[in-house]
Amino acid sequence: MSPQDYPTTWRRPPQIVRDKRWRIALQIGIVLYLVLAIGTVEVDWNRVYQGLERGQRFVMGFLQPDFTSRWSDIGKGLSESLTMTLTSTVVGVLISVPIGVGAARNLAPRAVYYVCRSIIAVSRSLQEIIIAIFLVAMFGFGPFAGFLTLSFATIGFIAKLLADDIEEIDPTQVEAIRATGGSWGQLVNYAVQPQVMPRLIGLSLYRLDINFRESAVIGIVGAGGIGATLNTAIDRYEYDSAGAILLIIIGLVMVAEYGSSYLRKFLQ
Amino acid sequence: MLTLDGLSKTYKTGETALSDVTLEVPKGQIMGLIGPSGAGKSTLIRCINRLVEPTQGRVLLGDVDLVRLGKRDLRRQRRRIGMIFQEYSLVERLTVMENVLSGRLGYVPFWRSFLRKFPGADIQRAYQLLDRVGLIDHADKRADALSGGQRQRVGIARALAQDPELLLVDEPTASLDPKTSRQIMRLLTEICAERDLPAIVNIHDVPLAQQFMQRIVGLRAGRVVFDGPPADLTEAALTTIYGEEDWNAMRQGDEEQAQAEADARARIAALAQ
């Protein structure tokens, strides 16, 4: 064939649904469903209009944040939040390391594996707010309930990701340490820990960051911290103070984000 | 002395990796284990220190039957068997020194290994071994900073740190270039001669095996089909081990490679002129 005989067009062959008629039917079906679904959402345009007005006040508050008039409350909330964040991350990580090791299929016996995986599943299936509501009911308003909530949530997060990471380590390094006659503890210390340590530190820093953000959220249901201050400010229609709090939260999250990514890069 | 008596291994999948292997490796002998891939070479050496559990037979190291041991006794006996791996299997993020000292793990309590507080004699010995393999200046480097040949030397030092009575060596040169391969094989044979240490070396490179081994055992489909000195490894014997087709293909491959190398050398010589 001469070069002119080859086709000049090419289309990517369909990957999922190969039949053209089925493809068109599916696309029509999806659009139809979307239209019908959106149709069922009731919108009270009057209420939306009122909300817009409030939203505007809120935005104005944001533009003129008032850091001073409620500063003592904000300072107290912040220090509570930061304490809660740090303590719950440390305690959560300390508890999740043994659970994570126990939940790694390649290290733990069957029974231990299932127990640890169930703990992780329970911790992960309950959202922070639900745990916070429950713990506030048990231990009363304040940062202690928040501390417990965040520790509990940290366990599910760190233990699961640590266990998954341990399951993916290079098995030949483990084999080599096993062949020297080392015990199980020595095996974990020499062959597993060096392989997962950078990731564990990275995850802990990431969790610190998440816990700070969560501490602002769970405060709204009474678990203390900056979230409680924010909630009070909004309840009192003090949008300028609320704006100040939000700006502080954004600033701290950005610092945490930048700091942890810098640290993680440094640790690799 | 190591004695294997009727050693067999059938995997859970029903695949038979070893059947009825009986061998004796006397003190100081370096035995090469050759055979096509899937012949059970790797399974055989792993059955000796029970990284793989044999299904039948006995493994006698001195007068201890390794197959019958409980967990704790098995760990104790593993200290007597040093192992060297194909991909070095160093713990990459630990220092060279920690890797060598990890050969002492079976001898020290957990707290000592955890705090890296090994007895002075162990540390002295580790330095001595690093010097022997030519890496004493690299003790504080991380293992992943070393080249392939250097890593394998650390692997050898780690195995020797155990003060072993037997070395199991799994394809020591498979990840190395030809020149480094020869250096590593030479180092291994020298060390075994120095310490009168028996070794079983899995090796797929037949010429390398013929050059360095005192005895060669050929494995095919889990059975011993050849056992003798390298000089007896004739074309006929190799055909039995590898099967006619594979052996011819391998030989052809070797010839082609030799030809290509000669060709390249000729061209470089021509360029140099």
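## Helix α9 of chain B

In this predicted model, helix α9 of chain B spans residues 235–242, and its buried residues are B:Leu238, B:Ile241 and B:Tyr242. Viewed down the axis of α9(B), these buried residues fall within an arc of 80°, so they line one face of the helix.

The buried residues of α9(B) pack against several elements of chain B. Among these partners are the strands β3 (30–34), β9 (215–220) and β10 (223–228). The helices α8 (206–212) and α10 (244–272) of chain B also take part in this packing. Just after α9(B), B:Gly243 adopts a positive phi of about 80°.

B:Val100 lies in helix α3 of chain B, which covers residues 96–101. A residue counts as buried if 20 or more other C-beta atoms lie within 10 Å of its own. B:Val100 has 30 other C-beta atoms within 10 Å and is therefore buried.

When residues up to four places away in sequence are left aside, B:Val100 touches B:Ala126, B:Leu129, B:Leu130, B:Val154, B:Ala157, B:Arg158 and B:Ala161. B:Met1 stands 99 residues from B:Val100 along the chain, and the C-alpha atoms of the two are separated by 25 Å.

## Packing of α8 and α9 in chain A

Two packed helices are described by the angle between their axes and the distance between the axes. In chain A, the axes of helix α8 (residues 184–218) and helix α9 (residues 226–235) come within 6 Å and cross at roughly 40°. Angles under 35 degrees count as roughly parallel, and those of 65 to 115 as roughly perpendicular; α8(A) and α9(A) are therefore oblique to each other. The crossing in which α8(A) passes α9(A) is right-handed.

On the side of α8(A), the contact is made by A:Ser215, A:Ala216, A:Val217 and A:Ile218. On the side of α9(A), A:Ile226, A:Gly227 and A:Leu230 make the contact. Sorted by class, the residues in this contact of α8(A) with α9(A) are five nonpolar and two polar, with no charged residues.

## Contact between chains A and B

What does each chain give to the contact between them? Chain B supplies 21 residues and chain A supplies 18 residues. On the side of chain B that touches chain A, the elements that give two or more residues are α2 (71–78) and α4 (110–114) of chain B. By class, this side of chain B comprises eight nonpolar, seven polar and six charged residues.

Notes. Residues numbered from 1 in each chain as written. Chains lettered and ligands numbered in written order. Predicted model: local features only at pLDDT ≥ 70, side-chain atom pairs only at ≥ 80, totals over all residues. Contact = placed C-beta atoms within 7 Å. Helix = DSSP H or I, 4+ residues; strand = E, 2+ residues; numbered from the N terminus. Nonpolar A, V, L, I, M, F, W, Y, C, P; charged D, E, K, R; others polar. Axes fitted to C-alpha atoms, helices over the stretch in contact; angles between N-to-C directions. Parallel < 35°, antiparallel > 145°, perpendicular 65-115°, else oblique. Left-handed = near helix turned anticlockwise from the far one by under 90°. Buried ≥ 20, exposed ≤ 12 C-beta atoms within 10 Å, placed from the backbone. Arc of directions from axis to C-beta.
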